[in-house]
Amino acid sequence: MLDNNTQNLASDVFENYKRYLNPPLARVMKLSGSPVEVRAQGTTIWDQHGKAYLDFAGGYGVFTLGHSHPRVIAAVREQMESMSLSGKTMFNVVLGRAAKRLAELSPGDLRYSFWCNSGTEAVEGAIKLARAATGRAKVVATLNAYHGKTIGALSISGRETFQTPFRPLLGDVEHIGYGDASGLDDVLRDAAAFVVEPVQGEGGVNVPAAGYLREVREACDRTGALFIADEVQTGLGRCGFLFGCDRDGVVPDVMTLAKGLSGGIIPVGAFIARPDVWNRAYAKQPLVHTSTFGGSEIACAAALAAMDVLESDGLVQNASDRGRQLLEGCEALAAQFPHVIREVRGVGLLVGVELTSEGYGGWIIPEMLKAGVTAAWTLNQQRVIRLEPPLVVTREEVETALAALRAGVATAAEKLGRL
Ligand code: PMP
């Protein structure tokens, strides 16, 4: 339990951030009025004063099942009683079961998986697999993409600010426009892989036209480049489909996952590949890609429970229904405040509200927080506010979030003198 003195708690946390973590980040968070998170359940986070917030930032998409899901917690607790981390030298029962379950859930013949601890690690693994399987070096990715911040994933991401201090990055990387399949054959002809998000999340929630991923699939088939779908954010129900690729009914060669795979309890990442691709890379070298913590018993127990809940509780359908409600509500606001909102985009419960100016988010997000709703910018595009609540969100909660967004947008309009 917490110290009764909530004021002390807030200043302690701030001091610790300032002295031991990240002074500029501490200042920015303080200026934007960030509270201290102390407890979370379902769609709600409580701060140090006991105030409740509907979590529409959703940990950038981690909390598909909501916070502290009781079935995932129970599975992890039970697993901890017998064995938490893998000893590595013996067979691990839960890892085997989680891999089987993931293969059953995944589209087409995706089958062999590798388990790690984060999205960026999953992307690193997929890039390595593609190079080993094809014997080619070049990796093609999309402008404005986000794939993580370890050096390989960073190299194929698309934001200069995140890349500049770390150059030179991975060589043999080419970026092309997102959502445009023309000319793909030329650029993929000598490539190991094309890495693409089914919807660009951090790039500002960019939704490609239907059929784009099908054209990607066909271009990869013609050129021998592997199609790597980065489903770290779009996968496991987020877009109102089990996987983002299902929107176009295509099967990639490799799919990366993390975020929702953890059930919101333990970090988990994975990539899963078609057997022929995997065999070309690793049939004769089973230990060239490994991770000490990856595939631990507790992580796999969490993932198994999370995959069960996702299916048994009908969360994919709820993401589709509530997503439509959220998108339509945002569109109505955009029509009413065109000088504040430029455009609204989204699929399922991944919705982006593009503002006419980057600065307006600095008014809107704190105003939403005051009204008891969290929201966040997208990492590559600060003009876009993302709304990404747990897939368990209810109709009433979506209404509450829309009311908070309306209050924020109205404040921005008022400051502009345009109400
Ligand atoms: N790929 C995509 C599509 C993502 O959205 C993210 C995180 N936002 C990542 C990779 C990186 O995941 P992580 O932060 O777990 O490394």
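Tyr360 is buried, with a relative accessible area of 14%, whereas Trp363 is partly exposed at 30%. Buried means under 20% relative accessible area, exposed over 50%, and partly exposed in between, with a 1.4 Å probe and protein chains only. The model is predicted: local features need pLDDT of at least 70, side-chain atom pairs count only at pLDDT 80 or more, and totals for chains, interfaces and linings use all residues. Residues are numbered from 1 along each chain as its sequence is written, and side-chain values use heavy atoms, without hydrogens and water.

Rings of Phe, Tyr and Trp (its six-membered ring) pair if their centres lie within 6.5 Å; planes under 30 degrees apart count as stacked, over 60 as edge-to-face and the rest as tilted. The count comes to seven aromatic pairs, including the two below.

| Pair | Centre distance | Plane angle | Class |
|---|---|---|---|
| Phe114 and Phe271 | 5.6 Å | 25° | stacked |
| Tyr360 and Trp363 | 5.5 Å | 10° | stacked |

Phe114 in strand β4 (residues 112-116) and Phe271 in strand β10 (residues 269-273) are 157 residues apart, so the pair links distant parts of the chain; strands are DSSP runs (E, at least two residues), numbered from the N terminus. Both Phe114 and Phe271 are buried.

A ligand oxygen is 2.8 Å from a polar backbone atom of Thr120, and a ligand nitrogen is 2.7 Å from a polar side-chain atom of Asp230.

How values were computed: A polar contact is a pair of N or O atoms within 3.5 Å; within protein, one must be able to donate a hydrogen and the other to accept it, and residues adjacent in sequence count only if both atoms are side-chain atoms. Helices (H or I, at least four residues) and strands (E, at least two) are DSSP runs, numbered from the N terminus.
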